[in-house]
Amino acid sequence: MNVIETHRGAYTISTDKHKLDIASIHQFLANETDWAQGIPIQTLQTSIENSLNFGVYHNDKQIGFARVITDFSTIAYLGDVYVLDTYRGKGLSKWLLSEIMQHPNLQGLRRWILLTNTAEWLYKKFGFTAVPNPEFYMEKHDPNVYRKEIL
């Protein structure tokens, strides 16, 4: 798959895995989120290797990230979306979501999935809605999976 990069002044969004600052992503996800609290770096690395990744950079410093897990034909899961606090309020999250939703390999999908309890206003701008029939939704969820690896 071709690497895609877009630029806005000193900011860049890139799908190049080689540019990702894994330590920076790990620090944020493992220490500053509820959804990936304590994630081992090896688990993060495997997730990145098996996803379409979007890094957000100011000059060459990683300041944001998102990844898409997909079969590139029917379904995509959007996860691990963030922009560092000091860079929020500049339209970077909206730009990031726009780049993701316009990615040429993510067109024509039947379903996008997103689990979030923050920034609903942002995702709604891109067509995300609450699950219309939650009684159809099932999951197997282990919120303590990363804590088990520590023990």
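# Strands, helices and core of a predicted model

Q: Which residues does Thr12 touch, not counting residues up to four places away in sequence?
A: Contact means heavy atoms within 4.5 Å. With residues up to four places away in sequence not counted, Thr12 touches Glu5, Thr6, His7, Gly55, Val56, Tyr57 and Trp95.

Q: What pLDDT do side-chain atom pairs need in order to count?
A: Residues are numbered from 1 along each chain as its sequence is written, and side-chain values use heavy atoms, leaving out hydrogens and water. The model is predicted, and totals for chains, interfaces and linings use all residues, while local features need pLDDT of at least 70 and side-chain atom pairs count only at pLDDT 80 or more.

Q: Is Thr12 buried or exposed?
A: Thr12 is found in strand β2; helices (H or I, at least four residues) and strands (E, at least two) are DSSP runs, numbered from the N terminus. Buried means under 20% relative accessible area, exposed over 50%, and partly exposed in between, with a 1.4 Å probe and protein chains only. The relative accessibility of Thr12 is 9%, so Thr12 counts as buried.

Q: Which residue has a side chain in polar contact with the side chain of Thr12?
A: A polar contact is a pair of N or O atoms within 3.5 Å; within protein, one must be able to donate a hydrogen and the other to accept it, and residues adjacent in sequence count only if both atoms are side-chain atoms. β1 and β2 pair in the antiparallel sense over 4 bridges, where pairing requires that DSSP finds at least two bridges between two strands. Thr12 is also the bridge partner of the residue in question. At 2.9 Å, the side-chain partner of Thr12 is His7.

Q: Which residue in the hairpin of β1 and β2 takes a positive phi?
A: This hairpin has 2 residues between the strands. The residue with a positive phi near 60° is Gly9.

Q: Which strands stand at the edges of the sheet?
A: The open sheet has 6 strands in the order β1-β2-β3-β4-β5-β6, with mixed pairing. An edge strand here has a single partner strand, so one side is left without a neighbour in the sheet. The edge strands are β1 (5-8) and β6 (111-114).

Q: Which residue in β4 stands opposite Asn53?
A: Strands of a sheet pair through backbone hydrogen bonds, either parallel or antiparallel. Strand β3 (residues 52-58) and β4 pair in the antiparallel sense over 7 bridges. Opposite Asn53 stands Arg67.

Q: What angle does the direction of helix α3 make with that of β5?
A: Axes are lines fitted to C-alpha atoms, for helices over the stretch in contact, and angles run from 0 to 180 degrees between N-to-C directions. Helix α3 (residues 92-102) packs on the sheet and touches β1, β2 (11-14), β3, β4, β5 and β6. Its direction and that of β5 make an angle of about 160°.

Q: How many of the residues of α3 are buried?
A: The buried residues of α3 include Leu92, Trp95, Leu96 and Met101. The helix is mostly covered, and of its 11 residues the number buried is 8.

Q: Which elements do the buried residues of α1 pack against?
A: In helix α1 (residues 22-32), Ser24, Ile25, His26, Phe28, Leu29 and Ala30 are buried. Among the contacts of Ile25, leaving aside neighbours within four places in sequence, are Leu44, Phe65 and Tyr82. The buried residues of α1 pack against α2 (41-49), β4 (61-70) and β5 (75-83).

Q: How many residues apart in sequence are the parts tied together by Trp112 and Phe128?
A: Rings of Phe, Tyr and Trp (its six-membered ring) pair if their centres lie within 6.5 Å; planes under 30 degrees apart count as stacked, over 60 as edge-to-face and the rest as tilted. By this rule there are 5 aromatic pairs. Trp112 and Phe128 are edge-to-face, 6.4 Å centre to centre with 80° between the planes. Trp112 lies in strand β6 and Phe128 in the loop between α4 (120-124) and α5 (145-150), so the parts tied together are apart in sequence by 16 residues.
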